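Please look over the sequence and the structure first.

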Amino acid sequence: QVQLMESGGGLVQAGGSLRLSCAASRRVFSINRMGWYRQAPGKQRALVANIASGGNTNYADSVKGRFTISRDNANTVYLQMNSLKPEDTAVYYCNADRITYYSGNIAYDNWGQGTQVTVSS
């Protein structure tokens with residue numbers, strides 16, 4: 001079973017930037033859509049942005065114009081976060097909606113362990 005390995009979280013002041021990365025722990029045949037979700041204390045996990053294998057992207061309204069999602073190959077996704085606000089503080093989770101293995105097996109709704117992003121005012 002492949003793992004999604006996240007990195008790049010941390011503490012930053014409001015107005016600052018962070019870049020999150022998420023990579024599959026080993027090569028797989030394909031990953032359909034990869035994305036980032038976040039969960040703040042006392043709130044439900046919510047979509048931040050996602051990107052399909054073909055490059056089509058979706059963003060939450062609250063991050064449009066500030067965050068950019070990208071993929072540099074089939075198995076790695078990035079989230080560039082600029083102009084960060086205190087309300088962006090949350091645990092950020094990487095998601096891969098469908099992973100196809102070389103064996104032909106398919107795994108749905110795959111999640112990373114999460115990385116903390118804290119924005120101070």
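The structure holds 1 disulfide. The model is predicted.

**The disulfide**
- Cys 22 and Cys 94 are joined, with 2.0 Å from S to S.
- The pair links distant parts of the chain, 72 residues apart.
- Cys 22 sits in strand β3 (residues 18-24), while Cys 94 sits in strand β10 (residues 90-100).
- The link of Cys 22 and Cys 94 is left-handed, with -80 degrees about the S-S bond.
- Both Cys 22 and Cys 94 are buried.
- In general, a disulfide is a covalent bond between the sulfur atoms of two cysteines.

**The sheet**
- An open sheet is formed by 4 strands, in the order β1-β3-β9-β8.
- The pairing in this sheet is antiparallel.
- β1 (4-7) and β8 are the edge strands, and each pairs on one side only.
- On average, neighbouring strands of this sheet are turned by 15 degrees against each other, direction ignored.
- β3 and strand β9 (residues 76-81) run antiparallel and are joined by 6 bridges.
- Ser 21 has Tyr 78 in β9 as its bridge partner.

**Arg 66**
- Arg 66 lies in the loop between β7 (57-59) and β8 (67-73).
- Arg 66 counts as buried because its relative accessibility is 11%, and buried means under 20%.
- Leaving aside neighbours within four places in sequence, Arg 66 is in contact with Gln 80, Met 81, Asn 82, Ser 83, Leu 84, Lys 85 and Asp 88.

Note on methods: Residues numbered from 1 in each chain as written. Predicted model: local features only at pLDDT ≥ 70, side-chain atom pairs only at ≥ 80, totals over all residues. Heavy atoms only, no water. Disulfide = S-S within 2.5 Å. Helix = DSSP H or I, 4+ residues; strand = E, 2+ residues; numbered from the N terminus. Buried < 20%, exposed > 50% of the residue type's maximum accessible area, 1.4 Å probe, protein only. Contact = heavy atoms within 4.5 Å. Pairing = 2+ DSSP bridges. Axes fitted to C-alpha atoms, helices over the stretch in contact; angles between N-to-C directions.
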